[in-house]
Amino acid sequence: MVVSPEEEHPVKAFGWAARDESGILSPFPFSRRATGEKDVRLKILYCGVCHSDLHSVKNETGKVTYPVLPGHEIAGIVTEIGSNVTKVKVGDKVGVGCMAGSCRNCPSCENDLENYCPKMVLTYRSKYFDGTTTYGGYSDFMVCDEHFVVQWSENMPLDAGCPLLCAGITTYSPLKYYGLDKPTTHLGVVGLGGLGHVAVKFAKAFGSKVTVISTAPHKKEEAIKGLGADSFLVSTDQDQMMAAANTLDGILDTVSAPHSIQSLLNLLKPHGKLVILGVIAKPLELPAFPLLSGRKMVGGSGIGGMKETQEMMDFAAEHNITADVEVIPMDYINEAMERLGKADVKYRFVIDIAGTLKAE
């Protein structure tokens, strides 16, 4: 027997969801579970709009079951805690990122890498351990296991801070893991969007030299004057790219569209590292010669574990790192998705959930 989203759980909730591959979102009544002994209930104040939200509502990954209620850059205030919760208290500012659960006992979980747990539960469009569907932050409140709740620094704004729960950790984690967080590093950042602009900020906070690589020449002033990058390369300008060959220690490639990586590998010094962060629907072509000739590496990275996510948020608060955001009302989300598909945002939409989400 199929149970409707409104009847799955005892607590009524409300948000906006997509019902089919058109990706159009509209008001959606559903339900949340009651607050369990290790659960935190939070009133959602703001939620970032990630490019993966657009992928999901349009089923561009081919694995989506509708309805889809997106949102995994969630910031709010704790309104209720379970009897065994020790991490936060009622009234605390908190966040919830891309994960809502993991097995907690596999090798990945035991090493604070819940993001690589084979049973990791996504904050939305996933199945929780009780078999019910997870729904994200385009909604009025959320219930989450305290382990997957991020504590919020007082000087971190909720609206400009919430995109760090995805865009922030997605760029911070590979900088740390691949050793690209040193002041001596010359880092390339491909793409100046939601991920890219945050990557520049983190790299500069680590003391690195940063070159932004983009197909859009008009972004040069934004990159250098606005974000503090040291230099800018137009990736379609062969002369610029050839002149910069063998100059970069590492590159974070944040682009989510199919593209060639041949020219990027040529920018790397011997032993350089190209780290893929964008979710790309079609496989990339991997040329062998530039890898062999310089012992170069192509790697990847996906968000980060909860310990590292908290570390990232604390580092961001200490260094005054936030996302550049455009705050929008809930009923603007479909226009925002259309603009996001055209890269027409600087650099992250954030929904004012508490101020504009109205239950019908």
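Predicted model: local features only at pLDDT ≥ 70, side-chain atom pairs only at ≥ 80, totals over all residues.
Two strands count as paired if DSSP finds at least two bridges between them, and a strand here is a DSSP run of E with at least two residues, numbered from the N terminus. Residues are numbered from 1 along each chain as its sequence is written, and side-chain values use heavy atoms, with hydrogens and water left out.

- Reading across the open sheet, the six strands come in the order 12-11-10-13-14-15, and their pairing is parallel.
- At the edges sit strand 12 (231-234) and strand 15 (297-300), each of which pairs on one side only.
- From one strand to the next, the twist averages 20 degrees (axes are lines fitted to C-alpha atoms, and angles run from 0 to 180 degrees between N-to-C directions).
- Strand 14 (residues 268-276) is joined to strand 15 by four bridges, and valine 275 has glycine 299 in strand 15 as its bridge partner.

**The cavities**
- The model has two cavities of 30 Å³ or more; a cavity is a set of points, on a 1 Å grid over the protein atoms alone, where a 1.4 Å probe fits but cannot get out.
- The largest cavity has a volume of about 200 Å³, counted as the space filled by probe spheres set on the points, with grid points joined across faces, edges and corners.
- Its lining (residues with an atom within 4 Å of a point) has 16 residues, and Arg32, Arg33, Thr133, Thr134 and Val143 lie nearest the centre of this largest cavity.
- Strand 8 gives the most to that lining of the largest cavity, with four residues.
- The second largest cavity holds about 70 Å³ of space, and its lining residues include Cys98, Met99, Phe148 and Ile303.

**The cores**
- A nonpolar core is a set of buried Ala, Val, Leu, Ile, Met, Phe, Trp, Tyr and Cys residues joined through side-chain atoms within 4.5 Å, and buried means under 20% relative accessible area with a 1.4 Å probe, protein chains only.
- The largest nonpolar core has 94 residues, and Tyr138, Phe202 and Ile333 have the most contacts inside it.
- A second, separate core has 15 residues, Leu248, Ile261, Ile276 and Leu291 among them.

Terms used
1 Å grid on protein atoms, 1.4 Å probe; cavity = no way out; pocket = protein on both sides within 12 Å on 5 of 7 lines; lining within 4 Å. Buried < 20%, exposed > 50% of the residue type's maximum accessible area, 1.4 Å probe, protein only.
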